[in-house]
Amino acid sequence: MTDVDETVIARYTSSLPQPPSGRRPKAALGLPHLLRFLQHHHILPVPLCTRPLTETARWLQRYEQYLAQVRGVAASTRTSYLRMAKRFLAACFGSDHLDWQSLRAQAITDFVRQEAATKHGGGRKLSSVAVRSLLRFLVFSEGVSSSLEAAVPTPRQWMHDTLPQRLTAEEIGQVLATCAGKSATDLRNHAILMVLARLGLRAHEVASLCLEDIDWHEGRLIVCPGKTHHARVLPLVHDVGQTLATYLRWGRPTTTSRVVFLHCRAPYLPFRDAAAISRIASRALQRAGVSDRPRLGAHAFRHAAASHMVNKGASFKEVADVLGHQSLQTTGIYAKLDLEALAPVALPWMGEGS
């Protein structure tokens, strides 16, 4: 037993079949918890020293502090930027030595184009935005020339070229019916899907929802500052409140955590990130048989809530306030869903010859 350490666990994990998703195999998920448990009860010794950080790791730590403390970037965005920064450093330098003076404009352009080629939709812009942020930090911390930022191309993206992917009321009913059971997992997933469908919250807003954010006496839900750095207050409609109350009474495990939605297996921790909420939504859509459209996940419920408000006569300002949009231009994509209002301004069809 005393020979067990991180090296033994890593050797065992590497021998397991790796799932296509790239995540850790199921047989290895609990091993880090087991190791900490044995160390906490003094069955295994606590390691006295850790391996020194590499030059790349130290630089990434500084970059993360810059994003959090200087730029005020949200945690989910920091994760995406750091992931892109790691790939950028590997593509430009390969080894651990970071020679910033050898950085060339052509290498930056090639990296952004290669990354954009593997993405679709709004994700095509991530590489250019993340690399620009990285270069600004380099100008600030490493004395790199600010002219290198001009080498970052902006991938072409057509605005408002398609209708937002949304769900009909019937499809939402089918999805909610897939979580009609009485188990703790069903009660939790049903509450998550109700919050997504009725209130139009973002996935990370659902994942970070705390007990203090629910005002039962006033009948409102407080969404803490996140992507837009502005809190907003939403009405706690009856069906959402009832579903949340059912989950909190009969489905949520007893724990000291103040986060509303938790894993249903010990140690009952909050979700690591918003991706877990998206996976719950995607699996429910698959079970309901409405997942034939690509990239349909948690955000589709947000589109559905917005389109329902637009088609019921809500103004764009009211929709923007509910969704937490800072710009009405962002809310404008839902104008295409108000077909009754658009019909009177449609031009006559000129035929195939036109």
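Predicted model: local features only at pLDDT ≥ 70, side-chain atom pairs only at ≥ 80, totals over all residues.
Met1 sits in the segment before helix H1, which spans 6–14. Met1 counts as exposed because its relative accessibility is 61%, and the cut-off for exposed is over 50%.

## A buried serine

Now look at helix H6, residues 126–141, where Ser133 is found. Ser133 has a relative accessible area of 2%, so Ser133 is buried.

What does Ser133 touch, leaving aside residues up to four places away in sequence? The contacts are Tyr63, Tyr66, Leu67, Arg71 and Tyr81.

## Salt bridges

The whole structure holds seven salt bridges. One of them pairs Glu149 with Arg136. Their closest N and O atoms are 3.0 Å apart. This pair links distant parts of the chain, 13 residues apart. Glu149 lies in the loop between H6 and helix H7 (169–177), while Arg136 belongs to helix H6. Glu149 is partly exposed, at 26% relative accessibility. Arg136 is partly exposed too, at 37%.

Asp215 and Arg220 also meet through their side chains, with 3.2 Å from N to O. Asp215 counts as buried because its relative accessibility is 19%, and buried means under 20%. Arg220, at 34%, counts as partly exposed.

## A linked network

Salt bridges also join Arg202, Glu205 and Arg232 in a network. Within it, Glu205 bridges to Arg202, with the closest N and O atoms 2.8 Å apart. Both Glu205 and Arg202 are buried.

Definitions and conventions: Residues numbered from 1 in each chain as written. Heavy atoms only, no water. Helix = DSSP H or I, 4+ residues; strand = E, 2+ residues; numbered from the N terminus. Buried < 20%, exposed > 50% of the residue type's maximum accessible area, 1.4 Å probe, protein only. Contact = heavy atoms within 4.5 Å. Salt bridge = Lys/Arg side-chain N within 4 Å of Asp/Glu carboxyl O.
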